[in-house]
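Please consult the sequence and structure shown below while reading.

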Amino acid sequence: MKLMYDFFTGQLGLGAAGANITVAAVMAVIMFTVMALCAIILTWMERKVAGFMQSRYGPMYTGRFHGWAQAVADMLKILGKEDIIPAEADKGLFKFAPILVLLGSLLAWAAIPWAPDFVAADFDLGLFYIFAVSSLVVIGILMAGWASNNKWSLYGAARGAAQMISYEIPLALAVVPVVMRAGSLNPQDIVIAQQGGIWHWNINPITNPFLFIAFFMYFIASIAETNRGPFDMPETESELVAGYHTEYTGMRFAFFFLAEYANLFLVSMIAALVFLGGWWAPFPGMGWIPPALNFIIKGVLLVFLNMWVRWTLPRVRVDQLMHLCWKVMIPVSLLCVVGAGVWMMAWGQLK
Amino acid sequence: MSMSQKLVDRLRGEFGDAILAATSYRGDETVTVSRDRLLDVLGHLRDIEGCEQLSDIVGVDYPKRGERFEVNYLLRSLSNNHRLRVKVDVAEDQPVPTASRLWRSADWHEREVYDLFGVPFAGHPDLRRILCHHEFEGHALRKDYPIEQGQECSRPEHLFADEDIVRAARRASVMAAGPDALHDEVHPSDLLTVNIGPSHPATHGALRAEILLDGETILEARTEIGYIHRCFEKEAEDHTWAQVMPYTDRLNYCSAMLNNSIYAAAVEKLLGVEVTPRCQGIRVIVSELARIIDHLVCVCANLVDIGALTNYWYLYNIRESIYESLEKLCGSRLTTNYARIGGLSHDLYPEFGAEIRIKLDELMAGHTDVMKLIARNRIFLDRTVGVGAISRADALSFGFTGPCLRATGLDYDLRKAAPYSGYEQYSFEIPTGTNGDTYDRIMVRMAEMVQSRSIVLQALDKLPAGPVNLDDRAITLPPKRNVYQSIEGVMNQFKLVYEGIQVPAGEAYGFGEGANGELGFFCVSDGSGHPYRLKVRPPCFPIFSAYTHLIEGAMIPDAIATLGSLNIIAGELDR
Amino acid sequence: MEAFLFFTCGALMLLGGVMMVLQRSAVVAALWLVFAFIAAAGVFAALSAPFVAIMQVLVYAGAIMVLFLFVIMMLHGPVLDGERKRLPLPMWPAVAIPPLAVLVLVGGWLSGRKAEALPAAPEGFGAPAQIANLLLGRYLLAFELISIVLLVALIGALTLGLRERKLPWS
Amino acid sequence: MVVSLNLCLGLAAAIFVVGMTGFVVRRNTLVMLMCIELMLSSVNLVFAAFSRQLGDASGHVFVLMNFAVAAAEAAIGLAMLVEIYRRRRTVDVDELKSLME
């Protein structure tokens with residue numbers, strides 16, 4: 001970031017504001033590319049993981065080695081599909097909804113610190129900002145369901161809105177103890193506070209058992225936030241046909257698809273940076289590993305965990321989902337916040 | 001004197017003149033009763049003689065008779081283990097009193113008779129067409145309806161009229177706020193009708209349920225079937241007895257072997273012959289394999305509907321591998337066409353037994369994996385326990401048989417209650433459930449697979465040597481050597497193929513334990529080579545009639561889970 | 001930078017508000033309001049209130065407006081067509097108020113040209129730490145009271161919305 | 001071009017007037033509720049502007065309080081609206097004036 005800024009001001013002679021804007025633009029392009037790439041790789045990964053879980057191979061042919069090009073081929077195919085807008089749909093909203101969904105997750109991606117001082121939008125309220133903009137996704141889903149003018153879509157959207165608003169609460173509450181510990185909402189500070197190997201990470205149950213519980217609260221809530229099994233209420237292909245994106249085809253469907261995987265990786269990376277020490281290597285003496293690689297490996301492992309859960313558990317019912325959120329997860333998360341605070345005060349860990 | 005014959009004597013004593021005739025043919029007892037006493041006789045049979053179940057209602061058309069139609073009520077007592085056929089004759093347009101107040105299964109069975117024969121049932125709550133389209137004209141199974149005559153019907157049927165929605169809303173309001181509340185708690189415009197099917201990921205076939213929703217709760221549901229009705233029974237009348245065999249494959253296409261065997265056994269019953277022990281053994285083996293496959297399909301699809309996708313592969317791989325053996329045996333996977341009247345199309349191939357043993361071991365491995373994944377899984381239990389539950393009395397009244405009935409805790413299995421094809425030689429248990437809910441239905445099927453495996457292994461061990469076909473030239477085809485080398489052989493083959501097996505005139509109901517319950521074929525022969533009337537009793541027809549009853553008051557996901565656990569196969573439902 | 005943000009977002013917010021009032025469809029109106037609120041977050045950011053800006057997005061766009069959209073979808077149908085039948089509205093406010101808005105804006109603009117700019121924000125102004133100190137220090141009582149208001153609203157909404165379900169099967 | 005306090009107040013007032021117009025003109029209770037939200041939001045702008053002018057973050061605290069009030073208002077308002085709709089099958093204020101007659 002600093003390097004890039006210096007390059008623009010120094011080499012190209014741009015002013016401070018100009019350099020800032022250029023850096024932001026460059027970072028936006030990088031982020032979007034990385035995000036699209038991530039979605040494609042994760043699609044392939046999901047298929048391979050699913051295959052692995054289900055004693056089969058998954059894609060094996062496209063691109064020779066383990067079907068690595070399958071996701072690319074799928075993307076190309078999906079771009080060639082006819083773009084169908086139902087006659088009775090609210091056309092404007094129908095077209096705008098997928099963009100909004102993708103925008104919500106893209107905006108959130110901006111605040112992820114990939115490595116020390118490498119973050120598209122570095123500001124003090126980063127973590128808070130991520131939660132705020134990702135709540136825009138809910139509106140996109142509601143719009144998609146409403147604009148499709150399809151009862152299944154409407155049900156999917158209503159379920160999605162209820163679910164995502166509810167699960168945002170434990171999701172945010174689970175992060176609060178970590179913020180208390182680091183004394184900052186800046187993702188970079190949170191990561192820096194976990195310096196020094198695996199036992200300094202926030203997940204370590206010995207330093208603070210409440211943070212350990214909070215990690216699991218976060219993980220469960222994040223599955224619900226990304227609408228993935230066993231909490232894929234808005235889609236539930238066996239009940240609501242395809243939920244809020246029943247009527248979408250081609251490029252617009254691809255946007256939802258992209259957003260799902262972008263969100264999946266996003267929540268995993270947040271978990272990695274909040275609980276698993278971000279870009280720090282797990283053990284001292286492993287400093288030669290590039291920080292970004294550390295970070296991505298942690299994110300991918302969490303994505304794997306997420307996929308594992310998805311392919312193992314049956315789907316819960318809508319009312320059970322709400323029950324879990326309001327009667328179990330929110331109380332436990334609140335307990336975590338209070339407990340973690342008391343623990344930190346007792347052991348003098350507060351900053 | 002059998003149980004059923006004693007029953008007929010008691011009936012004569014009770015009703016005297018109302019019993020117009022009583023016949024006994026091929027082990028089936030039939031009483032003909034006068035139409036005005038029909039309900040009395042049926043009520044007596046249900047309440048006093050313990051006939052808990054009305055298996056089927058079969059119409060037969062004799063255009064030359066004065067009272068043209070015959071309506072047969074096939075009754076079964078599970079507690080006393082006897083069966084009886086009650087017959088009533090009616091002229092055209094003459095109403096028959098409805099039995100739908102005695103057995104809930106009569107509702108759909110009577111609609112079917114009305115649809116296909118035009119026999120009206122007086123007092124029936126909802127006498128509409130059921131298998132044919134609502135725009136269809138005429139009655140397809142009447143002998144004077146030409147088999148070639150197709151009709152184009154295109155308008156979809158609306159299952160909920162506006163006034164139905166108003167009524168449902170009113171009912172829900174009264175339930176919520178009492179009859180004299182100031183305003184309606186539930187307004188018709190709060191309710192939403194949604195179609196599950198005919199094309200929906202969870203129906204696994206073309207059937208439709210329209211549900212009236214208040215939020216996610218199903219206030220009322222109505223079903224429509226017949227999307228793939230091809231009037232199999234009419235087609236059968238146009239074919240010889242042997243030619244019907246491939247059509248039976250298409251009934252329950254997940255377990256075609258069972259359909260083949262039970263159909264062949266039904267015709268053999270009407271012929272009064274018994275197949276060779278080896279044939280019986282092989283039929284048991286392939287039937288039980290078909291049962292395993294059917295249960296695998298049902299459980300897999302059900303689990304997928306609940307969202308447990310991975311289990312699908314753990315079980316479906318085994319299904320595929322068993323299909324490979326069946327394909328090797330008879331040339332095709334789903335439409336096996338393996339049994340023949342009086343035998344089988346050919347013997348097993350030599351490695352069959354060894355192959356199947358290995359595959360059954362794989363079955364146990366997959367079974368164990370799946371049980372580990374679901375049996376104590378909290379989400380799975382939450383989704384299935386108490387969902388779509390039916391009481392034993394209701395299940396009997398609705399005509400439930402097979403795993404769905406056994407899930408209510410009743411250990412009734414035709415393989416034990418009325419052994420056929422040598423089932424009495426094998427030791428096996430009847431798994432039962434307790435609550436009759438989705439969980440029990442899945443678990444009963446899972447346990448039955450293990451029992452079926454044990455039957456297959458026993459049958460493979462005990463399989464006797466000898467011929468598979470009856471040595472009766474009036475029934476089975478002559479050996480090819482004779483056909484090619486002697487004129488008698490050629491003549492024999494020619495007559496059997498062109499004229500068909502000459503089944504003596506008479507009627508019999510042959511049945512067996514299908515994968516999904518009692519599968520029966522009611523065969524009527526007039527002595528020609530063709531069936532005069534062939535009625536299938538598909539197990540899922542009465543089961544699906546209870547579907548609306550099971551899901552009212554539940555939520556959409558429950559309705560989906562319940563539908564999967566009932567194992568509705570459209571091919572057999574619609575025929 | 002700050003002025004740029006303020007003018008763009010201020011204009012967009014005004015646009016969002018006007019479009020909301022002009023929309024016949026309640027859904028589209030709600031979406032324009034979301035737009036206005038996100039723009040408002042930008043204005044807050046320009047006024048060095050980052051915490052408030054993010055809260056604005058989180059609370060308004062993420063929660064309140066979703067609630068609105070949810071209710072609109074729940075009361076589907078009739079809500080949308082209500083005004084279509086008779087748009088001849090009480091004319092005088094419709095005629096009088098927009099010029100008033102323009103007048104106010106222009107007034108602000110004209111006087112704003114002469115007035116000096118807002119003073120620069122001190123370090124840490126509007127950061128969570130500062131707000132937290134105020135909220136849990138000076139305004140603790142208000143904070144507690146507002147919590148009670150929220151609690152009462154929660155219970156009130158629940159009581160209003162709860163329907164006693166006595167359906168035949170339960 | 002600089003951001004002055006007057007300009008902030010002008011913007012807030014303009015938005016307030018837009019909201020007020022909507023509230024008076026529109027007959028759809030849902031949209032009227034939204035207009036109230038918009039008016040509340042314009043008040044928030046004033047708080048933030050004065051906070052900045054005076055260098056005292058108390059204004060931000062008030063904005064947060066206002067958020068809570070807005071949320072409570074929306075929750076109660078919408079719940080009442082749903083209840084009204086359930087009884088009267090309309091959310092049009094012109095049809096909801098039984099007390100006037």
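In this predicted model, strand β14 (residues 517-525) of chain B pairs with β15(B) in the antiparallel sense, over six bridges. Within that pairing, Phe522(B) has Lys535(B), a residue of β15(B), as its bridge partner. In general, the strands of a sheet pair through backbone hydrogen bonds, in either a parallel or an antiparallel manner.

**The sheet in chain B**

- The three strands of chain B form an open sheet in the order β13-β14-β15, with antiparallel pairing.
- The edges of this sheet are β13 (506-514) and β15 (531-537) of chain B, each of which pairs on one side only.
- On average, neighbouring strands of the sheet are turned by 15° against each other, direction ignored.

**The helix across the sheet**

- Helix α7 (residues 256-271) of chain B lies across β13 and β14 of chain B.
- The direction of α7(B) is at about 150° to β13(B).

**The contact between chains C and D**

- In the interface of these chains, 78 residues of chain C are in contact with 65 residues of chain D.
- At least two residues of the side of chain C that touches chain D are supplied by each of α1 (2-22), α2 (26-46), α3 (50-74), α4 (78-81), α5 (91-114), α6 (128-135) and α7 (140-161) of chain C.
- The largest share of that side, 13 residues, comes from α5(C).
- By class, the side of chain C that touches chain D comprises 63 nonpolar, 12 polar and three charged residues.

Notes:
Residues are numbered from 1 along each chain as its sequence is written. Chains are lettered from A and ligands numbered from 1 in the order in which they are written. This is a predicted model: local features need pLDDT of at least 70, side-chain atom pairs count only at pLDDT 80 or more; totals for chains, interfaces and linings use all residues. Two residues are in contact if their C-beta atoms, placed from the backbone, lie within 7 Å. Helices (H or I, at least four residues) and strands (E, at least two) are DSSP runs, numbered from the N terminus. Ala, Val, Leu, Ile, Met, Phe, Trp, Tyr, Cys and Pro count as nonpolar, Asp, Glu, Lys and Arg as charged, and the others, Gly among them, as polar. Two strands pair if DSSP finds at least two bridges between them. Axes are lines fitted to C-alpha atoms, for helices over the stretch in contact, and angles run from 0 to 180 degrees between N-to-C directions.
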